Amino acid sequence: MNTRSLRFGAVALLATLALAGCAGTTAPAPASESAVFSSSNVWVKAADGGMTAGFGELTNTGDTDLTVVSATSPATSSMQLHETVQNENGQMIMREVEGGFVIPAHGSLALAPGGNHLMFMDVTSPLRAGDDTTITLTFSDASTVEITAPVKEFAGANENYDDGMGDMDMGK
Ligand SMILES: [Cu+2]
C-alpha cells in the first residue's frame, strides 16, 4: 500500500528531525484516518437501477475530526456524499455536501433517510433485498475502508436531488 510507505517516510522524517533537534525521543506516528474509523448498521436501499442511497452510523474513535471525502461501490457508476436541506421554497432537497462528511473526534455521524446519506448515482447492477454490497470510503488522508452493507427494501428516502441544475425527482 502507498499509504504504508508514505507513513513510513513520514516517521523516518520525524525521527530525523527529532535527532537533529537532540530531542532524543521519537514522536509516535499519527494513526491513519481509517484506523480510527468504525461503522455500524450500514445498509443500502434496494434498487434495480437509477439512484439509491446507503445509510448507517459512522464512528470516529480518534482524537481529531475525521473527514470522508469520497465513496465508491461496485454497484454504481458513481457515488456522492449527500446532505438533505430545505431549499428556498421550503422543499427538502438533497445535494452533494461540501467538504465531505465530517465525523467529530470521539463521536459519530448518522446517515439516515431524510438526512446525510451515501448516494448511489446510477446503479449498474440490481441491488436486491437480501444481497450484500460493498462501499469503500476514502478519508482526507487517502486511507480507505471497505464496508459490507446489506440491501433492504425501504419505501422512503425519495428526496429530490438538486444537482445545481434544478430539481430532479429520483423516483422509485
Ligand atoms: Cu442523495
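Predicted model: local features only at pLDDT ≥ 70, side-chain atom pairs only at ≥ 80, totals over all residues.
## A polar contact at histidine 82

The side chains of histidine 82 and glutamine 80 are joined by a polar contact of 2.7 Å.

## Position and burial

Histidine 82 is part of strand β4, which covers residues 79-86. Its relative accessibility is 0%. Buried means under 20% relative accessible area, so histidine 82 counts as buried.

Beyond its neighbours within four places in sequence, histidine 82 is in contact with several residues, among them Phe101, Gly115, Asn116 and Tyr161. Met94, His117 and Met119 are also in contact with histidine 82. Between the C-alpha atoms of histidine 82 and leucine 118 the separation is 6.1 Å, although these residues lie 36 residues apart along the chain.

## The copper site

Which atoms coordinate the copper ion? They are ND1 of His82, SD of Met94, NE2 of His117 and SD of Met119, at 2.0 to 2.3 Å. The site of the copper ion is tetrahedral, with angles of 94 to 120° among its 4 donor atoms. The spacing of the donor residues in sequence is H-x11-M-x22-H-x1-M.

Histidine 82 in strand β4 and methionine 119 in strand β8 (residues 117-123) form a pair that links distant parts of the chain, 37 residues apart. Methionine 119 has a relative accessible area of 0% and is buried.

Terms used. Residues numbered from 1 in each chain as written. Heavy atoms only, no water. Helix = DSSP H or I, 4+ residues; strand = E, 2+ residues; numbered from the N terminus. Buried < 20%, exposed > 50% of the residue type's maximum accessible area, 1.4 Å probe, protein only. Contact = heavy atoms within 4.5 Å. Polar contact = N/O pair within 3.5 Å; in protein donor to acceptor, adjacent residues only side chain to side chain. Donors = N, O, S within 2.8 Å, 3.2 Å for Na, K, Ca; no water. Tetrahedral: all angles 85-135°; square planar, octahedral: opposite > 155°, others 65-115°.
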